[in-house]
Every structure is written in structure tokens, then in C-alpha cells.
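User: I have a new structure to get to know. Can you walk me through it?
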Amino acid sequence: MAKVIRDKSTGKTKGYGFVSFANASDLAAALKEMNGKYVGNRPIKLRKSTWKNRIDYEALLKPKTRPQKKLKVQPRSVLHK
């Protein structure tokens, strides 16, 4: 799961974000491979979060796709067969 932080008034990115990994080995691989790589003209700086509650259980339980809306069927009147 990834989240890019944006300015509320302008909608432009603030230049940082947060990424959650399913397991620790993916985190270790990202730290090893991506730290210092350039995105555009800026190097990526990776750090492990110190936030205690890192798991967003609500986001994990949400379905990834939007549910289909049910179409309302208009009952036909007796005059229209």
C-alpha cells in the first residue's frame, strides 16, 4: 500500500509519501535496492517508520474494486406493453 502526501489547498505533492510492505523481506529489499536512486532529479531517501501502529486494518479489509450499482428497473404501466 502506498500513499503520496499532497497539499490540501493546491493538490500538489509535498515530496514525500509512505509505503507499507506485507513482509519484512520486501522492506529490506526496497531499502537495499531503492535507497539513493533518482526519481526525476531527486534522490530517494528511505527510512523505516517509527510509528507504532503501522497496519491499516480497515484498508486491508476493503474490497479492491468498487461494487456494481444495481440498476433500478421501472415497472411498466398497463398502457405500455
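The chat below goes from the overall layout to single residues.

User: What kind of model is it, and how are residues numbered?
Analyst: It is a predicted model: local features need pLDDT of at least 70, side-chain atom pairs count only at pLDDT 80 or more, and totals for chains, interfaces and linings use all residues. Residues are numbered from 1 along each chain as its sequence is written, and side-chain values use heavy atoms, with hydrogens and water left out.

User: What does the protein average in pLDDT?
Analyst: The average is 79, and 69% of the residues score at least 70. pLDDT is the predictor's confidence in each residue, from 0 to 100.

User: Which element has the lowest mean pLDDT?
Analyst: Helix H2 (residues 57-61), with 69. E1 has the highest mean, 90. Where pLDDT is low, the predicted coordinates should not be read in detail.

User: OK, the layout. How many helices and strands?
Analyst: Two helices and four strands. Their order along the sequence is β-β-α-β-β-α. Helices (H or I, at least four residues) and strands (E, at least two) are DSSP runs, numbered from the N terminus.

User: How much of the protein is buried?
Analyst: Buried residues are 2% of the 81 residues. Buried means under 20% relative accessible area, exposed over 50%, and partly exposed in between (1.4 Å probe, protein chains only).

User: How do strands E1 and E2 pair?
Analyst: Strand E1 (residues 2-6) and strand E2 (residues 13-19) run antiparallel, with four bridges. Two strands pair if DSSP finds at least two bridges between them. Ala2 sits opposite Val19 in E2.

User: And what lies between them?
Analyst: Six residues, as E1 and E2 form a hairpin. Gly11 in the turn has a positive phi of about 85°.

User: Take Lys3. Is it buried or exposed?
Analyst: Lys3 is in strand E1. Lys3 counts as exposed because its relative accessibility is 53%.

User: What is Lys3 in contact with?
Analyst: Gly17 and Phe18, leaving aside neighbours within four places in sequence. Contact means heavy atoms within 4.5 Å. The C-alpha atoms of Lys3 and Val19 are 6.4 Å apart, though the two are 16 residues apart in sequence.

User: New topic. How many aromatic pairs are there?
Analyst: A search of the whole structure finds one. Tyr16 and Phe18 form that pair, edge-to-face, at 6.1 Å centre to centre and 90° between the planes. Rings of Phe, Tyr and Trp (its six-membered ring) pair if their centres lie within 6.5 Å; planes under 30 degrees apart count as stacked, over 60 as edge-to-face and the rest as tilted.

User: Is Tyr16 exposed or partly exposed?
Analyst: Partly exposed, because its relative accessible area is 44%.

User: Now Asn35. Where is it?
Analyst: Asn35 is in the loop between helix H1 (24-34) and strand E3 (38-39). Asn35 has 41% relative accessibility, so it counts as partly exposed.

User: What does Asn35 touch?
Analyst: Ala30, Ile44, Lys45 and Leu46, not counting residues up to four places away in sequence. Asn35 and Leu46 are 11 residues apart along the chain, yet their C-alpha atoms are separated by 5.5 Å.

User: How far is the backbone nitrogen of Leu46 from the side chain of Asn35?
Analyst: That nitrogen lies 3.0 Å from a polar atom of the Asn35 side chain.

Methods. A polar contact is a pair of N or O atoms within 3.5 Å; within protein, one must be able to donate a hydrogen and the other to accept it, and residues adjacent in sequence count only if both atoms are side-chain atoms.
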